Amino acid sequence: MDKRVVFDFEIEFTNGGGIQGQDFRLDIQSDSISDEELADFIVNDLNLLMVGKVSILNKKYIEENHKRIASPPFSDPRFIDLSHVIFDGLITYKGLPAPIICDYLSREKSKANYEEGTEFQIGKIEMVTNTGTYIDCPFHRFEHGKDLSEVELDAFANLDAVTVFVPDVLSIGAEYFKNLDLRNKAVMVRTDWSKNWNTDQYFENHPFLSLDAAEYLRDCKVKLVGIDSHNIDDTRGKSRPVHTTLLGSEILIVEHLCNLDKLPKENYQFSAVPPKFKGAGTFPVRAFATLQ
């Protein structure tokens with residue numbers, strides 16, 4: 001037996017009129033689903049335009065055999081999330097402290113400040129900037145390089161992108177990027193090393209780019225390079241030639257990506273936008289791809 005939600009709905013249109021539905025049934029993969037997610041699903045599933053207020057009524061959950069296979073109502077197939085979840089205690093890089101995520105003001109304590117039935121949570125996060133999936137700007141490597149506040153939005157968002165799949169290779173050389181259209185694009189280096197995320201294996205013998213690969217990408221005038229590995233450089237030594245080469249040419253770097261196996265080879269856009277901090281060259285991002 002499988003989980004289903006049964007509900008009625010009423011939809012008002014901004015140009016007048018409306019429609020209703022009774023005893024609508026939808027297969028779900030979890031124990032519950034919000035009214036907002038159901039409303040979005042109905043609007044998208046019926047291809048409705050000019051939609052105003054959507055009311056979900058008489059919602060209940062039942063168990064019965066599936067009769068209809070539906071896409072998750074909360075998932076837009078145009079977007080692919082490429083970021084790891086950051087949680088309290090996560091170790092992204094050995095030797096760096098894990099984030100501390102807690103309440104600054106809890107919901108319970110906030111009740112004293114508001115009328116009955118009103119409460120808020122104000123969170124507090126303490127972390128180093130190299131946490132989770134993050135982006136590197138020139139300031140991360142160079143004292144006088146551009147920091148997060150100085151890099152323009154067009155370097156972070158809606159970049160035409162290509163995926164280069166390099167499985168089971170430790171040192172990824174320039175030869176893997178030959179015969180590709182790379183100019184002004186974000187290059188996603190897929191190694192599938194992200195399968196080891198949050199394990200001890202993630203930190204050891206991870207794939208990385210060689211110096212000649214970095215120089216080739218620089219010479220091809222790429223805009224950004226991302227990788228689903230622990231570091232874009234070889235961390236077994238103390239030199240960081242890939243960071244030096246790319247950031248020295250104002251080519252941004254995104255490390256610790258995931259889900260690159262879900263990307264096409266080309267014809268999509270990549271975005272990884274950090275907050276606008278002054279005096280910081282690295283920060284976590286919600287990296288994602290937009291399919292065309």
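Two strands are taken to pair if DSSP finds at least two bridges between them. Helices (H or I, at least four residues) and strands (E, at least two) are DSSP runs, numbered from the N terminus. The model is predicted: local features need pLDDT of at least 70, side-chain atom pairs count only at pLDDT 80 or more, and totals for chains, interfaces and linings use all residues. Residues are numbered from 1 along each chain as its sequence is written, and side-chain values use heavy atoms, with hydrogens and water left out.

Strands β14 (residues 268–271) and β16 (residues 288–291) run antiparallel and are joined by four bridges. F270 has A289 of β16 as its bridge partner. An open sheet of nine strands has the order β4-β16-β14-β8-β10-β12-β13-β7-β15, with mixed pairing. β4 (79–81) and β15 (282–284) stand at the edges; each has a single partner strand, so one side of each lacks a neighbour in the sheet. On average, neighbouring strands are turned by 30° against each other, direction ignored.

β12 pairs with β10 in the parallel sense over four bridges. Here V225 of β12 is the bridge partner of V187. β12 also pairs in the parallel sense with β13 (residues 252–255), over three bridges. G226 stands opposite V254 in β13. From β12 the chain crosses through α4 to β13, in a right-handed β-α-β crossover. Right-handed means that, with the strands pointing away from the viewer, the path from the first strand over the helix to the second runs clockwise.

Both faces of β12 are covered. L224 and G226 are buried on one side, V225 and I227 on the other. Buried means under 20% relative accessible area, with a 1.4 Å probe and protein chains only.

Helix α3 (residues 211–219) has A213, A214 and L217 as its buried residues. Down the helix axis, these fall within an arc of 100°, so they line one face of α3. The arc is that of the directions from the helix axis to the C-beta atoms. The buried residues of α3 pack against β9 (171–172), β10 (186–190), β11 (208–209), β12 (224–227) and α4 (241–248). Contact means heavy atoms within 4.5 Å. K221 follows α3 and has a positive phi, near 60°.

The disulfide count is zero, a disulfide being a pair of cysteine sulfur atoms within 2.5 Å. The sulfur of C258 lies 20 Å from the closest cysteine sulfur, in C137, too far for a bond. C137 counts as buried at 0% relative accessibility, and C258 counts as buried at 7%.

Terms used
Buried means under 20% relative accessible area, exposed over 50%, partly exposed in between (1.4 Å probe, protein chains only). Axes are lines fitted to C-alpha atoms, for helices over the stretch in contact, and angles run from 0 to 180 degrees between N-to-C directions.
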